[in-house]
Protein chains: 2
Amino acid sequence: MTDRQSQLEEFKRLAALEAVKHVKSGMTVGLGTGSTAKYAILEIGRLIQDGKLAEIIGVPTSQASEDLARSVGINVQELTAFGVDVAIDGADEIDPNLDLIKGHGGALVREKVVEFHARFFVVVADTSKLVPELCSKVTLPVEILAWGSRATVNTLAGLQNGAQVRLRTKEGQAVVSDNGNLIADMSFRFPVTDVREMDARIRHTPGVVDTGFFLGYANIAYVAGPGGVETFKR
Amino acid sequence: MTDRQSQLEEFKRLAALEAVKHVKSGMTVGLGTGSTAKYAILEIGRLIQDGKLAEIIGVPTSQASEDLARSVGINVQELTAFGVDVAIDGADEIDPNLDLIKGHGGALVREKVVEFHARFFVVVADTSKLVPELCSKVTLPVEILAWGSRATVNTLAGLQNGAQVRLRTKEGQAVVSDNGNLIADMSFRFPVTDVREMDARIRHTPGVVDTGFFLGYANIAYVAGPGGVETFKR
């Protein structure tokens, strides 16, 4: 690991430590997926081992997070009708309103179900994720049904003249989500001036399960960089 | 079969025969699912056998329709980026604008993907399916992810105070769609005065794959009853 990479890991860890302060004994906690959320899971496990947190139930947003949570002694269960008290997760882009793009870890729909049902949703990130407007830096992940995906991809590409839509692959194989669906990554040719309208248009396309736009979900973000951990509230 | 049932079957068959007149040689045809669409598949097969239709490609909306189509000699393929020339399918409710509720056969999402990508969509039904407004007679099917379904069902029930949402079962087992998802059947307590708004609110709920509302999809409907086959155009 280079110095730069290890510094980035330290930023992610610092943001996660701040987020975990929202977790109190007896809470049901949504456990995010990805390289920053990982540090939150590790910290919750450490506090349980140290006797500083008790009766925590974790609701993991992916198989990977479930495996990690179990390995550090967090009791896990599936999301119930009662939702979760707090959820902690990373993001791929964060705009000044705390609207997010997520899903580059491939777990976007489970994350969205849990975080929609979170009474408080804490985002953790490093400063590289801050953007003036969404769709500035990363593609928009869209989870779609495998069945009919060629038609769905074609329709998505038509939503903005010149948009590019690519099915995500890894080592030459289609990436399949935990729900058995495909991930289409959309690159827009022009700035998306109204993300809510674009989100609605994408979701209106049959075959689309959900998008990586998390609009109005986050309550607070802890963003770590060379200047320390900054707090952003909506 | 009672006289009444056999009369109903005859209505369904007559509507389907009318619809199949839209199918011409060389067309790619979306093949619906259910007790009325079945007669259209049988008729297309018959016309192929009789040499009156050639070079037809069927795009089935369910495994059951695929099996039936193959059994009567229709070549089938999955939906491509080019969509289909014409689609023929039944409906559970048809309102005066040709807006529909579908999905009581459990194939709603594949039907929706195919019929959205149809250049012409023909609905076939008997007169019992005509309603003054949607949600008058039948529940609204909503396809949802199994994961987190308790939270999703709870949120759907909250969309209209007093709405009832039941996961569909058959012989005590959860019904699983061809996409591996569950079907939630919604009963509204009050008339749904704005179906487009309700559709958008349901689709906005994470965990929802799609709804049984087919709004603005149908081009024409053939509806058979004691007075013959009536034609409705949008």
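## Exposed and buried residues

A residue is called exposed when its relative accessible area is over 50%, and buried when that area is under 20%. In this model, which is predicted, B:Glu55 has a relative accessibility of 70% and therefore counts as exposed, whereas A:Asp126, at 2%, counts as buried.

## The surroundings of A:Asp126

The buried residue A:Asp126 belongs to strand β7 of chain A, a strand that covers residues 121-126. Which residues does A:Asp126 contact once its neighbours within four places in sequence are left aside? They are A:Leu8, A:Phe11, A:Lys12, A:Val223 and A:Ala224.

## Two loop residues in chain B

In chain B, the exposed residue B:Glu55 is found in the loop that runs between α2 (37-49) and β2 (57-60). Its backbone angle phi is near 55 degrees, which is a positive value in a residue other than glycine.

Where in chain B does B:Cys135 lie? It is placed in the loop between β7 (121-126) and β8 (140-144), and the phi angle of B:Cys135 is near 70 degrees, again a positive value in a residue that is not glycine.

Definitions and conventions: Residues numbered from 1 in each chain as written. Chains lettered and ligands numbered in written order. Predicted model: local features only at pLDDT ≥ 70, side-chain atom pairs only at ≥ 80, totals over all residues. Heavy atoms only, no water. Helix = DSSP H or I, 4+ residues; strand = E, 2+ residues; numbered from the N terminus. Buried < 20%, exposed > 50% of the residue type's maximum accessible area, 1.4 Å probe, protein only. Contact = heavy atoms within 4.5 Å.
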